[in-house]
Amino acid sequence: MTILITGGAGYIGSHTARLLQEMGRDVVALDTLERGYRDALDDIDLVEGDIADPRVVGKVCRKYDVASVIHFAAYKAVGESVSEPLRYYKNNVSGSISLVETLLEHDVRQIVFSSSAAVYGTPDGSPVNEDAPLRPQSPYAQNKADVEHFLASCDPLGLRSVSLRYFNAAGAHESGDMGEDWSATANLVPVVMKVLFGIEPMLEIFGDDYPTADGSCIRDYVHVDDLADAHVKALDYLASGGTSLVANVGTGQGTSVKQLIAVTESVTGRQLPHRVAGRRPGDPAAVFADPTLIRAVLGWRATRDLREIISSAYRWHERHPDGYDR
Ligand code: UD1
């Protein structure tokens, strides 16, 4: 019985695949490699193909005797989703529907879905729990909300799902040999790393006039290996008969941009050149998780702090300045 990991060659997918392999579970990754890296999977089986192709998915299900799925495969750039909505809806929403259709045909009825706290948009307050209204502010965030709803609608077909709403995924594997591709992302931690390694001259703090203690925005940074662990716990929950669930994956701890800069300088012993720039449109002042539900139901909690996020990301980029395949 094998766990199928769609998008397994991507950032969070590859860390989850590695953790499952380390635990002795059988896994197979399915990835188009459009934005993933074969080398991120090391010796884990990879099938190159699209979730929307029923022949490929069906073949994988049969060949590997797939029992459950973790579904990461999706585009994830918020700005790009605004300029290319067709591409995002097609890949993220239609692709997920095709995938589930094929899975059901092959009697695979347990799925963990990679969702995002972006579904909350600008919440009324933080910590934010799962009952907060969904106000997606981009096609990307709407795609996540749509797939969550679609999966929940499939309960009568016998599908059981866990949708995990990640807060800000960051950091790298402790080995220093797996991490995020910083070339295609404008998220804070990769940008901080680019500045430390001289690829960008300076970090711009997007606004310091927010109603927070130091004026900069507050987010909830979760270590990618803690996120991977949440997926394993979600799979085990489904395997033991758990009913469908939607859960936040966050630490419950808010960190401001300025605090993150201070931690980075302390961990690395290096100055991080920065300046205050204007606000980035659409940025909520503070978003951090209420992780009560995932603690109670899955027994998950984050075990790594911001210092480990920064030190692991630093180690990865220091050892692999050109990422995986260059
Ligand atoms: C973004 C996405 C979210 C996605 C998440 C992880 C939006 C609105 N949200 O969240 O959907 O799930 O990434 O991929 O795009 N910052 C700076 N300078 C920088 C970069 C960021 O000050 O150069 C600040 C931002 O203002 C924000 C914080 O750092 O306060 C984190 O930003 P970012 O990493 O882009 O994540 P989010 O915007 O929280």
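Guide: Before we dig in, two strands pair if DSSP finds at least two bridges between them. Helices (H or I, at least four residues) and strands (E, at least two) are DSSP runs, numbered from the N terminus.

Visitor: Fine. What am I looking at, and how is it numbered?

Guide: This is a predicted model, where local features need pLDDT of at least 70 and side-chain atom pairs 80 or more, while totals for chains, interfaces and linings use all residues. Residues count from 1 along each chain as its sequence is written, and side-chain values use heavy atoms, with hydrogens and water left out.

Visitor: OK, the sheet. What's the strand order?

Guide: β3-β2-β1-β4-β5-β6-β11, an open sheet of seven strands with parallel pairing. β3 (45-48) and β11 stand at the edges with a single partner strand each, so one side of each has no neighbour in the sheet.

Visitor: How many bridges join β5 to β6?

Guide: Seven bridges, between β5 (residues 110-116) and β6, and the two run parallel. In that pairing, S116 stands opposite Y166 of β6.

Visitor: And how many bridges join β6 to β11?

Guide: Five bridges there, again with the strands parallel, and β11 covers residues 245-249.

Visitor: Why is β6 largely enclosed?

Guide: Because six of the seven residues in β6 (residues 160-166) are buried, the rest of the structure largely encloses that strand. Buried here is under 20% relative accessible area with a 1.4 Å probe, protein chains only.

Visitor: Switching topic: how many cavities are there?

Guide: Two cavities of 30 Å³ or more. On a 1 Å grid over the protein atoms alone, a cavity is a set of points where a 1.4 Å probe fits but can't get out; a pocket is an open set with protein on both sides within 12 Å along at least five of seven lines; lining residues have an atom within 4 Å of a point. Points are joined across faces, edges and corners, and volume is the space filled by probe spheres set on them.

Visitor: Which residues line the largest cavity?

Guide: Y11, G171, A172, G179, E180, D181, W182, V189, P190, A313, W316 and H317. The space in the largest cavity is about 60 Å³.

Visitor: Which helices are involved there?

Guide: α6 (188-196) and α10 (306-319) each supply at least two residues of the largest cavity's lining. α10 has the largest share of that lining, with three residues.

Visitor: And what lines the second largest cavity?

Guide: H71, A73, A74, N92, S96, F113, N143, K144 and V147. About 30 Å³ of space lies in the second largest cavity. Helices α4 (85-105) and α5 each bring at least two residues to its lining, and the largest share, three residues, comes from α5.

Visitor: How much space lies in the second largest pocket?

Guide: The second largest pocket has about 190 Å³.

Visitor: Which residues line that second largest pocket?

Guide: D220, Y221, T251, Q253, T255, A302, T303, R304, D305 and L306 make up the lining of the second largest pocket.

Technical notes
Buried means under 20% relative accessible area, exposed over 50%, partly exposed in between (1.4 Å probe, protein chains only).
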